[in-house]
Every structure is written in structure tokens, then in C-alpha cells.
Amino acid sequence: MKQKWAALAFQAFPRPWKRSGNWTSDEAARLHALVAEFTAASEHICERCGNGGTLRETRPIELTLCDACESCVGPDGRL
């Protein structure tokens with residue numbers, strides 16, 4: 001799990017990976033749908049406080065921040 005391009009990025013398998021594969025395409029699709037839902041929600045949630053936020057491209061790293069946190073987060077983007 002990480003922040004990537006101002007949104008939540010999460011990679012997972014339905015269960016531990018095996019070279020020959022051990023999950024169905026339905027399981028993979030359900031997991032992908034769940035991750036996509038949370039990724040979409042994260043594009044509108046402030047990364048610092050959890051309130052509603054928007055994409056901010058004012059720093060070298062893109063962040064999703066609310067107006068209050070936009071003024072608190074320095075130019076380096078450290079939360």
C-alpha cells in the first residue's frame with residue numbers, strides 16, 4: 001500500500017501467490033473491484049486529516065489535501 005499520483009495504490013493477491021496460480025479469475029475481479037473503490041474514494045480524501053480534499057499540484061509530489069492542510073504542508077510535501 002502506498003500513495004501514488006495523489007491516490008491510494010494497493011497491490012494484493014486473494015491469497016498467497018504460487019507459481020502455478022491458486023485463485024480464480026472471479027476472486028481476482030472481486031479484489032480488483034474492491035481496491036478500485038477505495039482508490040477512487042482516496043482521490044477526494046485529505047491525506048493529512050481525512051476531511052474532503054482535492055488534488056494539489058503545488059509541490060514536486062502530487063497530494064490530495066483539504067484547504068486547511070494545503071497551507072500546513074510545506075513545499076517538500078512532508079505530511
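Modeller: The model is predicted, so local features need pLDDT of at least 70 and side-chain atom pairs count only at pLDDT 80 or more, while totals for chains, interfaces and linings use all residues. Residues are numbered from 1 along each chain as its sequence is written, and side-chain values use heavy atoms, with hydrogens and water left out.

Colleague: Why is Arg59 called buried?

Modeller: Buried means under 20% relative accessible area, exposed over 50%, and partly exposed in between, with a 1.4 Å probe and protein chains only. Arg59 has 11% relative accessibility, so Arg59 counts as buried.

Colleague: Where does Arg59 lie?

Modeller: Arg59 lies in the loop between strand S3 (54-56) and strand S4 (63-65). Strands (E, at least two residues) and helices (H or I, at least four) are DSSP runs, numbered from the N terminus.

Colleague: Which residues does Arg59 touch?

Modeller: Contact means heavy atoms within 4.5 Å. Leaving out residues up to four places away in sequence, Arg59 touches Leu65, Glu70, Val73, Gly74, Pro75 and Gly77.

Colleague: What makes up the largest nonpolar core?

Modeller: A nonpolar core is a set of buried Ala, Val, Leu, Ile, Met, Phe, Trp, Tyr and Cys residues joined through side-chain atoms within 4.5 Å. Six residues make up the largest one: Cys46, Leu63, Leu65, Cys66, Cys69 and Val73.

Colleague: Why is Trp5 called exposed?

Modeller: The relative accessible area of Trp5 is 65%, so Trp5 is exposed. Trp5 lies in the loop between strand S1 (2-4) and strand S2 (7-9), and has a positive phi of about 50° although it is not a glycine.

Colleague: Is Ala6 buried or exposed, and why?

Modeller: Ala6 counts as buried because its relative accessibility is 3%. Ala6 also lies in the loop between S1 and S2, and its phi is near 65°, a positive value in a residue other than glycine.

Colleague: How do you know how to class Ala29?

Modeller: Ala29 has a relative accessible area of 42%, so Ala29 is partly exposed. Ala29 lies in helix H1 (residues 25-42).
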